[in-house]
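Thanks for coming. I will go through this structure one piece at a time, so please keep the sequence and the view open as I talk.

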Amino acid sequence: MKQIVDLTSRRNFKKTTLPLTEIEHVAFCKTEDELPAQPLIDELKVNIKWQEIPVEYLRLTVKELDSRIDRARLSLGDRLMILGHHYQRDEVIKHADVRGDSYLLSKTAANSKADYIVFCGVHFMAETARVLGSENQTIILPNITAGCSMADMAPIDDVLDAWDDLTKILKDQSIIPVTYMNSAAEIKALCGRNGGIVCTSSNAQNVFKWAFTKSKRILFLPDQHLGRNTGLKMGIPEENMVLWNPFKRMGGNSVEEYNKAKVILWRGHCSVHTRFTVGHIEMARHRFPDVKVIVHPECTKEVVAASDINGSTEVIRKKIEQAPSGTSWAIGTEISFVNRLAKENPSKNVFCLDPVVCPCSTMYRIHPAYLAWVLDALIAGVVVNEIKVEPEIAEYSRIALEAMLTV
Ligand code: SF4
């Protein structure tokens, strides 16, 4: 007989919607020739939400913006550190003092003595830097609309509702929240408050192992694919992993299914990595029979299963750098990063699995005009787009981040 649970959560009365960042995610799909940055006025024609910027920046060429950025760097000296995520476009990453993935950059920010950290990445990364950084530092995101569609798929109200529901549904209360780094500070705080933890794509398996020493069951947020791929790598059968769909009552599963589950996956995904298909892999193998296929674990399980290697952005970077000359590599991750790897490894045949060029549309919002604007403002003594996190949220987020460091 099916068990009935009385759920009186707000989710029964409110409408969950798709985040705007997801709706806009194909906005920048273009040809290779169109990839280099144009004056911002031309890029604004792409019909997405941009942050307003003073008009003087709209028509500046990349060269003119470069000189402004260089001038600001000279003037601010050691007081400034610019961080660049691997997925940033070339015209931005060339100004970065340090490049890396979100975790490496947040740690770099935390260890930096600079007064101003300008984070050329997306919102959750700048928030993590804020949480880990010192109080005297100012963290700046050049374009405040640079969110992350995956992080936006787990809004805190929906997650709190799900957490309330799950703790009612599961009679033994045995569940621990684990969130991917790619989530808002409020989600990390929910984990910190409930004995949970943060993970990255490099340490997800170790974090899962740690979580299973604390509880029978994991609620994994917000990327269903990283969660599922990690569970599968650890030998957890798919029938013990269920998907929590925030659009459905009780997440769309029965009490029995939740009780049987070892991993409850939030229904979020990365719009960039879920574009890759098994068909792309077959095409690459057909064109280059010796090709090695390497993909990010945010790809679907079918794509991960059909690849030769899967790993984080840093794993992909190291594999390509260490690969012998003359080898071929088809990569399933963000195009700006793949193109850069191809340029930096000319003796190897490095290409993106997807022939359609679709940069991460939120990372791509960091146009060099925005970088020049926030730096010019700093010289004038004005802080634009400072990222702040409420003290209580920061405190619990830090607990979940620090738990990760012990794993
Ligand atoms: S690549 Fe995916 S997960 Fe990363 S910032 Fe873009 S949308 Fe978010």
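Let me start with a contact between two helices. On the H10 side there are Ala 204, Gln 205 and Phe 208, and on the H11 side they meet Leu 226, Thr 230 and Lys 233. Sorted by class, the residues of this contact are 3 nonpolar, 2 polar and 1 charged. Please keep in mind that this is a predicted model.

How do the two helices sit relative to each other? H10 covers residues 204–214 and H11 covers residues 224–233, and their axes come within 10 Å and cross at roughly 75°. An angle from 65 to 115 degrees counts as roughly perpendicular, and H10 and H11 are therefore roughly perpendicular to each other.

Pro 222 lies in the loop between strand E7, residues 218–221, and H11. The peptide bond that joins Leu 221 to Pro 222 is cis, and its omega is near -25°.

The next pair is H5 and H6. Helix H5 runs over residues 102–111 and helix H6 over residues 123–132; they pack at an angle of about 35°, and their axes are 8 Å apart. Which hand does the crossing of H5 and H6 have? The crossing is right-handed. From H5, the residues that make the contact are Ser 102, Leu 105, Ser 106, Ala 109 and Ala 110, and from H6 they are Met 125, Thr 128, Ala 129 and Leu 132. The contact of H5 with H6 has 6 nonpolar and 3 polar residues, and no charged ones.

Staying with H6, how many of its residues are buried? The count is 10 of the 10, so H6 is largely enclosed by the rest of the structure. The buried residues of H6 include charged ones by class, among them Glu 127 and Arg 130. His 123 and Phe 124 are buried too.

H6 comes up again with helix H9, residues 185–193. In H9, 7 of the 9 residues are buried, so this helix is also largely enclosed by the rest of the structure. Those buried in H9 are Ala 185, Ile 187, Lys 188, Ala 189, Leu 190, Cys 191 and Gly 192. What covers the buried residues of H9? The cover includes H6, helix H8 (156–169), strand E5 (176–180), strand E6 (197–199), E7 and H18. After H9 comes Gly 195, with a positive phi near 75°.

Positive phi values also turn up in residues other than glycine. One of them is Met 250, where phi is near 55°. Met 250 sits in the loop between strand E8 (241–244) and helix H12 (255–260). Is Met 250 buried or exposed? There are 21 other C-beta atoms within 10 Å of Met 250, and the cut-off for buried is 20 or more, so it is buried.

Asn 385 is another non-glycine residue with a positive phi, about 60°. Its place is in the loop between helix H17 (368–379) and helix H18 (391–405). With 20 other C-beta atoms within 10 Å, Asn 385 is buried as well.

Now the ligand. Around it there are 13 residues, and the closest are Cys 148, Met 150, Cys 270, Val 272 and Cys 360. By class, this shell has 8 nonpolar, 4 polar and 1 charged residues.

Leu 65 is found in helix H3. It is buried, having 24 other C-beta atoms within 10 Å. Setting aside neighbours within four places in sequence, Leu 65 is in contact with Leu 60, Pro 368, Ala 369 and Ala 372. From Leu 65 to Ala 110 there are 45 residues in sequence and 28 Å in space, C-alpha to C-alpha.

Ser 75 is also in H3, which covers residues 62–76. Ser 75 is partly exposed, with 13 other C-beta atoms within 10 Å. Its C-alpha atom is separated by 50 Å from that of Ala 306, which is 231 residues away along the chain.

Arg 317 belongs to helix H15, residues 313–322. Arg 317 counts as buried, with 21 C-beta neighbours inside 10 Å. Between Arg 317 and Ser 67 there are 250 residues in sequence and 30 Å in space, C-alpha to C-alpha.

Notes. Residues are numbered from 1 along each chain as its sequence is written. This is a predicted model: local features need pLDDT of at least 70, side-chain atom pairs count only at pLDDT 80 or more; totals for chains, interfaces and linings use all residues. Axes are lines fitted to C-alpha atoms, for helices over the stretch in contact, and angles run from 0 to 180 degrees between N-to-C directions. Helices (H or I, at least four residues) and strands (E, at least two) are DSSP runs, numbered from the N terminus. Angles under 35 degrees count as roughly parallel, over 145 as roughly antiparallel, 65 to 115 as roughly perpendicular and the rest as oblique. Two residues are in contact if their C-beta atoms, placed from the backbone, lie within 7 Å. A residue is near a molecule or strand if its C-beta atom, placed from the backbone, lies within 6 Å of it. A crossing is left-handed if the near helix is turned anticlockwise from the far one by less than a right angle, and right-handed if clockwise. A residue is buried if 20 or more other C-beta atoms lie within 10 Å of its own, exposed if 12 or fewer, and partly exposed in between; C-beta atoms are placed from the backbone.
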